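Q: Hi! I have a protein model on my screen and would like to learn how to read it. Could we go through it together?

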Amino acid sequence: MPHSRLRCLPRAGRGSGLLCAMAWLWLAAAALMPAPAWSQGAATPPGQPAPVVVLQLQGAVGPATTEYLRRGLADANARRAAAVVLRIDTPGGLASSMRDIVRAILASPVPVIGYVAPGGARAASAGTYILYACHLAAMAPGTNLGAATPIQMGPASQPARGERGKSGADGDDEPAPAGPDAHERKAVNDAAAFIRSLADMRGRNAQWAEEAVRGAASLAAREALQQKVIDLVAADMQDLLRQADGRELRANASIITLATRDAPTLELQPDWRTRVLAVVTDPNIAYILLLLGIYGILFEMMNPGAILPGALGAVALVTALFALNMLPVSYAGLGLVLLGIALMAAEAFTPTLGLLGAAGLALFAFGSLFLYDTHGAEFALSVPLVATAATVSALLLFLIFFAALRAQRRRVVSGDGTQAGQAVEVVSWHGHSGLVRAGAETWEARADTPLAPGQHAIIESRQGLVLHVRAASIQKEST
């Protein structure tokens, strides 16, 4: 690209210079960012053993996890890998992301070996479905899986009489009450049918899989092997590849015999785009970006020409909307948040002694608590964060109210503040007209008698923007 097209023009204003500087910053950051690992994939040269690609599923299952695993499976296919080892340690996450990952595994032409490791790891909630979807399921000693009951939006309902407690979809091992409402029954039945279909496809224990959904059942590694929930228990990666070698697996319509004993392993880490996506799709980060974007734009509207708040607010708002598009957002909660901010902003333009501001603050806090359509701890909005945001908004509202009240009580110092009988000082004079200073303003004035600079005069009347004055000494003589 020619240098002249990126050059900041000297006649551009302060705002254009700032935007140009931001553009250069973005270009420099993009140039310094490393190329993603996915673009380096290439087919295995002839005569060399096909590698085993290792992917990580660690932490909550969300949009970033889905993107990472999709790219990893595509890269493994491009390399003609012997197999993919998906190392799992997750407490659960979003059902939508879990189903996307399951679809990617089922469509993969490369066999996927699900491996819950290292010791102490778990494949809870969404991790159980993903492990069942893998072509081969394995666990390390000291790991567990299960607790796959889905949780509905909002507060937990009262348990039905005689029903056992259930664990949440966020992977919490604490029992949660299951309500008798139709919405929850539909969600549980759908999840149970889904995991049974995966169990039938892979030839695993379908009865226990359904119990993991309906009763939040959990199993340790050895028990899972005995009940045919998994296919093998492996102490480490080498043991896993040794035991998996020679097994016949069906990937799509093909029967593949694994050759993993002496295969080299290649671990693919998330690239910078996946890491950024993991940060911005965090519910708390997305919420903060949303507030920064809205408040930045409001500040720009209240102070036209500031440039920086509006530019940063626009970037934050666009990023927040991108993240919210991938998260299970409750539009009712989002509408309450926006309505609350609108009422607080209206308080700044039309002061109503705090009535609009107080109502907006209440709607803002209430809508924030119901912003996300999930009740799981892994993707729930932090209550302390909501309390902090409401407190900061209340402080801003108080400052706006105080500034408006102070402006109403301020004495008028311009316009019609001049009145008959007020003393003024002559600034300059020629003949019967000149300039006088009334308070902090300079006025055009006329008089019947000549006046001198520095002399004091008295206002007799005002016609438009011209004062009619007379010398102060004349007034004193007449009185």
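Q: In the hairpin of strand 15 and strand 16, which residue takes a positive phi?
A: Gly439 does, with a phi near 70 degrees, and this hairpin has two residues between its strands. Keep in mind that the model is predicted.

Q: How many bridges join strand 15 to strand 16, and how do the strands run?
A: Look for six bridges, with strand 16 (residues 441-446) running antiparallel to strand 15.

Q: What does strand 15 do with strand 14?
A: Strand 14 (residues 423-430) pairs with strand 15 in the antiparallel sense, over five bridges. Here Glu425 has Arg437 in strand 15 as its bridge partner. These two strands also form a hairpin with two residues between them, and Gly431 in the turn has a positive phi of about 70 degrees.

Q: Which side chains of strand 15 point to which face?
A: Go along residues 433-438 and you will see the side chains alternate.

Q: Which residues touch the most other members of the largest nonpolar core?
A: Leu55, Leu86, Ile105, Ile130 and Leu145 do, in a core of 53 residues. Helix 5 (residues 182-202) gives the largest share of this core, seven residues. There is also a second, separate core of 28 residues, including Met344 and Leu371.

Q: What is Ile105 in contact with, leaving aside its neighbours within four places in sequence?
A: Its contacts include Leu73, Leu86, Ile130 and His135.

Definitions and conventions
Residues are numbered from 1 along each chain as its sequence is written. This is a predicted model: local features need pLDDT of at least 70, side-chain atom pairs count only at pLDDT 80 or more; totals for chains, interfaces and linings use all residues. Side-chain values use heavy atoms; hydrogens and water are left out. A nonpolar core is a set of buried Ala, Val, Leu, Ile, Met, Phe, Trp, Tyr and Cys residues joined through side-chain atoms within 4.5 Å. Buried means under 20% relative accessible area, exposed over 50%, partly exposed in between (1.4 Å probe, protein chains only). Helices (H or I, at least four residues) and strands (E, at least two) are DSSP runs, numbered from the N terminus. Contact means heavy atoms within 4.5 Å. Two strands pair if DSSP finds at least two bridges between them.
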